[in-house]
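Here is a short report on one protein model. Please keep the sequence and the 3D view at hand while you read.

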Amino acid sequence: LKLEIENWRWAGVPFYLRAGKRLAKRVTEIMIQFRQPPMLLFERLASGPCNEIQPNILTMRIQPDEGISLRFGAKVPGPDTNVCPVVMDFQYATAFGVNSANGYERLLLDAMLGDQTLFAHRDGVEATWSLYTPVLEEWAKSKPKDFPNYRSGSWGPKAADGLIGRDGRQWHRI
């Protein structure tokens, strides 16, 4: 799914959502790919170990392996202007030596303690259903003619690659 927010702050920024059951890997993450600046200080193509300046990416891993990483370009020390991607990575299990409770364990504990912080409020749930109900009703009326199904254990339908490919992008492989 490709979404866009219609306001001045997010004009021209696409949001791509990919979800499915029985994909090649069970993972939940949010990736933010930063735009390249209009004028680069270093050449796009360098002659050193890194032949192309890559976009900066912030990745938030929700499950499994909860954590956050930032990939950005750094100039390689020396007289040449080579820029290589480097990654700053944080994982909860590595930093603290223990895995955090899974989502169900956390929700059950919060329910027993009376903590409603992680629970959805009624008005938010109703607002969400008001967005999805018309879509579900339309799908119930007319079944899609060419539903883009996919093989179990794959990364999803080819239509998903086509959706993001039309914008000159590709999905991040995990």
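## Basis

This is a predicted model, in which local features need pLDDT of at least 70 and side-chain atom pairs count only at pLDDT 80 or more, while totals for chains, interfaces and linings use all residues. Residues are numbered from 1 along each chain as its sequence is written, and side-chain values use heavy atoms, with hydrogens and water left out.

## Largest pocket

The largest pocket holds about 1,900 Å³ of space. Its lining has 41 residues, and Tyr16, Met31, Ile32, Trp171 and His172 are the closest to its centre. A pocket here is an open set of points on a 1 Å grid over the protein atoms alone, where a 1.4 Å probe fits, with protein on both sides within 12 Å along at least five of seven lines; lining residues have an atom within 4 Å of a point. Volume is the space filled by probe spheres set on the points, which are joined across faces, edges and corners.

Elements giving two or more residues to this lining are β2 (14-16), β3 (28-33), β4 (57-63) and β5 (67-75). β3 gives the largest share, six residues. Helices (H or I, at least four residues) and strands (E, at least two) are DSSP runs, numbered from the N terminus.

## Second largest pocket

About 880 Å³ of space lies in the second largest pocket. Of its 23 lining residues, Leu1, Leu17, Ala19, Trp139 and Pro148 are the closest to the centre. β1 (2-4), α3 (122-141) and α4 (158-165) each supply at least two lining residues. The largest share, three residues, comes from α4.

## Helix α4

Which residues of α4 are buried? They are Ala160, Leu163 and Ile164. These residues cover an arc of only 85 degrees around the axis, so they sit on the same side of α4. The arc is that of the directions from the helix axis to the C-beta atoms. Buried means under 20% relative accessible area, exposed over 50%, partly exposed in between (1.4 Å probe, protein chains only). The buried residues of α4 pack against β1 and β2, with contact meaning heavy atoms within 4.5 Å.

## Aromatic pairs

The model has five aromatic pairs. Rings of Phe, Tyr and Trp (its six-membered ring) pair if their centres lie within 6.5 Å; planes under 30 degrees apart are stacked, over 60 edge-to-face, and the rest tilted. Phe90 and Tyr92 have ring centres 4.9 Å apart and planes at 70 degrees, so this pair is edge-to-face. Tyr92 and Phe96 form a tilted pair, at 6.1 Å centre to centre and 35 degrees between the planes. Ring pairs link Phe90, Tyr92 and Phe96 into a cluster.
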